[in-house]
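Q: Could you walk me through a model like this one, feature by feature? I would like to learn how to read it for myself.

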Amino acid sequence: MKFMKLGSKPDAFLADGKTTRYVSSELPTDVTIFVGEVKFRVHKFPLLSKSNCLQKLVSKANEENSEEIHLIDFPGGPKAFEICAKFCYGITVTLNAYNVVAARCAAEFLEMTEDIEKGNLVFKIEVFLNSSIFRSWKDSIIVLQTSKSLLPWSEDLNIVGRCIDSIASKTSVDPANITWSYTYNRKLAEVDRIVDDGMKGQKKIDCVPNDWWVEDVCELEIDLYRRVMIAVKSKGRMDGSVIGEALKTYAVRWLPDTVNALASDAHIKRNRSLIETIICLLPSDRTTGCSCGFLLKLMKVAILVGADDASREDLVKRISLKLHEASVKDLLILAQSPQITRYDVDLVHRIVNQYFVHHKFNRDSDDIERSEKGADNLLLGHGSSLNVAKLIDEYLAEIADDPSLLLARFIDLSQSIPEFARPIHDRLYKAIDIYLKVHPNLTKADKRKICGLIDVKKLTTEASMHAAQNERLPLRVVVQVLFFEQVRVSAGVEAQNNNNNSRDSSSAMTSIDEECPKELDNSKSLKHNVGHMTINEDIQKTQLAKKSSKNSRSGMKLLPSRSRRIFDKLWIVGKGHGEGRSPETSGSSQSPTSVVPVHMKSSGTYTRQRRHSIS
């Protein structure tokens, strides 16, 4: 810490109790000056020779035949006046970052300027501030902290402004050129840790992180911190990620870590001001700076302390741009009165809608001829949309067990995800299953409505098997699941047959091409080989058909009796007896018979074989 000594005489100020200070001297004191509750018995001459203010006050007191002077609202109080008085007597005074602002304000009040005497106290303090204090990182912060209690004097003398400019300028210095001490108690970044580990056994080279200044600035109160951060951002040299780290560190430093402390009547006003200021200071580029998790934590606090609507709306927009980075835990924001649900579902719905407003998947024909860079950006945006869909499906599963959650809100949030972002419906099916379990009193119409969110063609085999045995699902959904699962199995068997036929034909042709040049003269041998291969092919086809029939029977055995009966009826419907369908299997949804593959309708032989295999 920088300091400056003024004067050379020993200290002659003595105390008489707690409220009286006097100068020990052979000459009696001739004036009493009251500063607050303390009175100073001093001599006129030393003080009047350096203070224009005291000259005026003593002159006025003489006219009133009084030896007492009252200094009302004296900046810095008795301690600051004593520094000025000692300077007038030539007694040694030590100025440092903790008392220099009070001394400067007191000297200004007493008008200890160059007009009265050259080299007066105001001049000397200004030299000390400019040559030492404002050039020191730690001292600038200490001076700024002490200036708050000396407003408006410190503001009028531009001490606050000069401190802020000094701090902001130093934060913009290249970390490689930092030579002063600073506070850094956080964990080293991975890069810094690698550097430190690599220097074992050698002289370690200090690696200054980009956010070296963050912890020291966090000691400032919110009003001064806001002004410092505005100055730092105005320099235009600070990366948004560092600004975000600074705000996060400040929030951790000053915000209580319990809900009761945040919302307590004694501190809610302060906490509201603090959270609104932090939100106001977030980087102007909403896509950089702060993680989505931190932004969602700010949102939770903002709701608890009742932050203004503008601050919350700004957070919604920022969170929506980074929603693909969030976790389900981050989205579990407690609902406030008058909401009846456990979590604030409406807020999450707004965020999701904002996200897809900013990340619309443009499928216009004009986008076909996009540049390579544009195509990469398109794929990146599509991938983030898939992450958001996965996140919301998992969020739906978390909130589905809330008995107070209305069906309309569940459906609205689910439908906010576009079709292209949800290629698999397993997570959505899980959430719906939980909702049906927790809400057993839903009407049939409501069950059909919520189950209508599921596209059974987008369920995996495991989810389909679970759905086929799920007693909570409407009968129509079970029918659709069974049918499309059977269609999928049949298509797989046919694809396997086609692959085997293609492979055998290719092998035969390859063998013929290799043998023909060598044994062109042996036509009998060639015919024998081809005939032998044809017999092998027929044998393989027969074995494969038996195997697929066996698999179909074993697969049906895994289904419960209810599902097998449904599937038997469904299979009859799929063979052209649609007039016998029950009302449960008809409706606005797609009929299973409408998607029967062409080969199953046209091939009578294949139809008879399949019916026999599952009956």
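**Reading the core, strands and rings**

A: Let's start inside: the largest nonpolar core has 162 residues, and those with the most contacts inside it are Ile-33, Leu-71, Phe-81, Trp-213 and Phe-410. Helix H15 (residues 292–305) gives the largest share of this core, 10 residues. Such a core is a set of buried Ala, Val, Leu, Ile, Met, Phe, Trp, Tyr and Cys residues joined through side-chain atoms within 4.5 Å. In soluble globular proteins, nonpolar side chains tend to be buried together. Please keep in mind that this is a predicted model, where local features need pLDDT of at least 70 and side-chain atom pairs count only at pLDDT 80 or more, while totals for chains, interfaces and linings use all residues. Residues are numbered from 1 along each chain as its sequence is written, and side-chain values use heavy atoms, with hydrogens and water left out.

Q: What share of the 615 residues of the chain counts as buried?

A: Buried means under 20% relative accessible area, exposed over 50%, and partly exposed in between (1.4 Å probe, protein chains only). Here 42% of the 615 residues count as buried. The accessible surface of the chain comes to about 33,600 Å², and 52% of that belongs to carbon and sulfur atoms; the areas come from the Shrake-Rupley method with a 1.4 Å probe, and for residues only the protein chains shown count as cover.

Q: How many helices and strands does the chain have?

A: Helices (H or I, at least four residues) and strands (E, at least two) are DSSP runs, numbered from the N terminus. This chain has 28 helices and 7 strands.

Q: Which strands pair with E4, and in what sense?

A: Two strands pair if DSSP finds at least two bridges between them. Strand E4 (residues 31–35) pairs with E6 in the parallel sense over 4 bridges, and Val-35 stands opposite Leu-71 in E6. On E4 and strand E5 (residues 38–42), 5 bridges join the two, which run antiparallel; there Val-31 stands opposite Val-42. E4 and E5 form a hairpin with 2 residues between them, and Gly-36 in the turn has a positive phi of about 65°.

Q: What is Ile-33 in contact with?

A: Contact means heavy atoms within 4.5 Å. Leaving aside neighbours within four places in sequence, the partners of Ile-33 include Val-42, Leu-54, Ile-69, Leu-71 and Phe-81.

Q: How do I read aromatic pairs, and how many are there?

A: Rings of Phe, Tyr and Trp (its six-membered ring) pair if their centres lie within 6.5 Å; planes under 30 degrees apart count as stacked, over 60 as edge-to-face and the rest as tilted. By this rule there are 13 aromatic pairs. Trp-180 and Trp-212 form an edge-to-face pair, 5.8 Å centre to centre with 65° between the planes. The two are 32 residues apart, and the pair links distant parts of the chain. Trp-180 is partly exposed at 24% relative accessibility, while Trp-212 is buried at 1%. Tyr-250 and Trp-254 have ring centres 6.0 Å apart and planes at 40°, so this pair is tilted. Being 4 residues apart in helix H12 (residues 240–254), they are separated by about one helical turn.

Q: What sits over the ring of Trp-254?

A: A charge sits over a ring if NZ of Lys or CZ of Arg is within 6 Å of the ring centre and within 35 degrees of the ring normal. Here the charged end of Arg-253 does so, 4.3 Å from the centre of the Trp-254 ring.
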